[in-house]
Amino acid sequence: MTFRRLGDRPWRDRPQADAIAWIPPKGATPSRWLTVGEWQGRIGAWQQRLLETPNESDGWRLFEPDPVEFSAALVAIWERGDRVVLPADNQPKTLTALHGTGVALGPAEPMLGSDRSKSSPGRAPQWDSRPLPAVAVSLYTSGSSGEPQRLDKRFDQLDAELATQASLWPLAGRLVVSQVSHQHIYGLLFSILRPLCEYSPFATQPCRYPETLYTWLQYCQATGKRMILVSAPPALSRLPEALDWKPASAALETIYSSGAPLSRSASDLVHERLGTPVHEVYGSSETGGIAWRVQQRESAWTALPGVEVSHGDDNRLWLRSRHLEIPDQWQRQADLIALTDRGFELLGRADRIVKIGGKRISLTAMDRALSGLPGVERAQTLTLQRRDLRLAAIVQLSPSEVPHDHRQHRDTVKRLRRALAAHFETPVLPRYWRFVAPWPTNAQGKLGAEIRQRLFLDLEDRRAPRWLGERVHDSGWRVTLEVPEHCAYVDGHFDGQPVLPGIALVHWAMQQARRLFALTSDFDGLERLRFPQPLLPGDRFEMSLEHRRGDGAESLRLECDSRRGKHVSGRIALVDRQKRES
Amino acid sequence: MTTTALEHELKQMIIETLELEDVTPDDIDPEEPLFVEGLGLDSIDALELGLALQKRYGITLESEAESSRQHFANLKSLAALVESRRQK
């Protein structure tokens, strides 16, 4: 096993002709290997750039998507004895928040396959006796409050982790291909630092798409190379079946996944298509690696060597690990676990941190950002497991801002998403929006699980209306509803203006009445029910319901009104179920 | 199939595949960007769309994925891709 600690500067005395990275083919240009000599030339070029850049601090803020430039910059900064600050992304808000953390390096815009290396010529690197910095990298992650939280990693912490991985799963000279960002701890360790310390080549471009992976695998297969894939659930759970993975996938040695647990079904599919089981690594920026599993062998997580796992009465994870800042002290974490005799299971988190498409996000921060927008009085976000985990927002707008039709709804959603885009990356922006009025609560005054389910019921049931709240009105109830754009009752998509047939309103009225009045009677016909004008998809309207009983007759008084006027008015006759059956 | 009919079919496919609950086919401007600004799609959606194109039209995107993804710029370019490369 080849492994050299970062503390021993493994980048310095490597044979110049060794291949350090693989440059994939591009168009007619065939692939080739980048030598250690060429790469060291990039380190020299960065050293020169740093020399020419005024910086009164000891920190350099590095956002650089190109793995070769990134790794060269990392070494150049360390060789000066300076600290690397890694922003998690290059959102304007993130960069502003980190403004005081040193001088920014790297492109302002993410650009891939850039030719910047040609603009600054390579130069011989300068090695001197300056010590490495006390802090190797500072990562920023969203804490539970949403404020960026700084996490310093010393070389000994990183080395402990790199040594563990090298001993468990040696790279052994295989080609490391990455589908994740090296601005985060997992990508940094697995796709950049492990190859550097284990003298294994890495790909000079991230492998973002399955088609790229497929071509690269074919190359490996044809040239007798073995590949290690550093991936994550968003990519692994979407491997196209149409690609014939079989002969090429034989070149795949190991697949790593981290960032969030991979579902068992996705794990099985990857295993079947790529012929290699997925090694999942569980950890976080704060804790480093904690445990691993291969689901086909065992669904519980096994602690990594050097990591001890325990749990308190409240199921909170306690950790003692060489990857932590204080290695010999038990520390409580936000994750909830259950210990089993084979390891442990993950039960979620005690705080409001979630991961959407591998991006970590604090729901508290999202709620706060949303609540602070003009026209928003109150907001709460939650996750919905729809195809994939996505965010949904429950928002109370000031009365003048409430959308009343499809157009206004779209405009409002666009406006709010655009405002949030300054703070968050696109995949974590709320995808489902419910503009409630008033704020819906249960008898305990809480927006409980039952209400959350009712607010999004139309996603499950194409025939349900979008429910947005209700209040007592006169001697009945007034319910705020919207006609879902893709409601099964709405027809006429191809011939002009689609409308909601009046009979759908009768169905909806009966459903709401059963719940609100605990109705046990059945529909027995319409009484003087008029439908002055139809509702359109996206229309918001108020449904007023009154349950009347007397003189042996039972009925439901129904009115539906929107901004455009009245849509239904009249009575539904009801009949007692038992009477009807007799 | 006429271009407009294909465009309409693709609009339906985008809406259904990505579960865009409040988007109707008329909301998708064929020339407007599908990603980020415009319709607001993201990197997860790009993967989903790639899968849907393979399932529905048998289109395998080429490995030079950067250029393939240019076909995803807007609905017009997507329709052009499907028209020229569909297997079914």
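pLDDT is the predictor's confidence in each residue, on a scale from 0 to 100. This is a predicted model, in which local features need pLDDT of at least 70, side-chain atom pairs count only at pLDDT 80 or more, and totals for chains, interfaces and linings use all residues. Residues are numbered from 1 along each chain as its sequence is written, and chains are lettered from A, with ligands numbered from 1, in the order in which they are written.

**Confidence in chain A**

- The average pLDDT of chain A is 90, and 96% of its residues score at least 70.
- Residues 108-115 of chain A stay under 50 in pLDDT. For this stretch the model has 7 contacts beyond four places in sequence, a contact being two residues whose C-beta atoms, placed from the backbone, lie within 7 Å.

**Domains of chain A**

- Chain A is assigned domain 1 (353-438) and domain 2 (456-582); the bounds come from an automatic or database domain assignment.
- The centres of domain 1 and domain 2 of chain A, taken over C-alpha atoms, are 28 Å apart.
- Contacts between the two domains of chain A involve 14 residues of domain 1 and 14 residues of domain 2.
- On the domain 1 side, strand E21 (376-386), helix H12 (406-420) and strand E23 (432-435) of chain A each supply at least two residues. Helices (H or I, at least four residues) and strands (E, at least two) are DSSP runs numbered from the N terminus.
- E23(A) gives the most to that side of domain 1 of chain A, with 3 residues.
- By class, the side of domain 1 of chain A that touches domain 2 has 8 nonpolar, 3 polar and 3 charged residues. Ala, Val, Leu, Ile, Met, Phe, Trp, Tyr, Cys and Pro count as nonpolar, Asp, Glu, Lys and Arg as charged, and the others, Gly among them, as polar.

**Fold of chain B**

- Chain B has 4 helices and 0 strands, in the order α-α-α-α from the N terminus on.
- Of its 88 residues, 36% count as buried, that is, with 20 or more other C-beta atoms within 10 Å of their own, C-beta atoms being placed from the backbone.
- Among contacts in chain B between residues at least 6 apart in sequence, 60% join residues at least 24 apart.

**Interface of chains A and B**

- In this interface, 23 residues of chain B are in contact with 28 residues of chain A.
- Helix H2 (43-57) and helix H3 (65-70) of chain B are the elements that give two or more residues to the chain B side.
- H2(B) provides the largest share of that side, 7 residues.
- The chain B side has 7 nonpolar, 9 polar and 7 charged residues.

Technical notes. A residue is buried if 20 or more other C-beta atoms lie within 10 Å of its own, exposed if 12 or fewer, and partly exposed in between; C-beta atoms are placed from the backbone.
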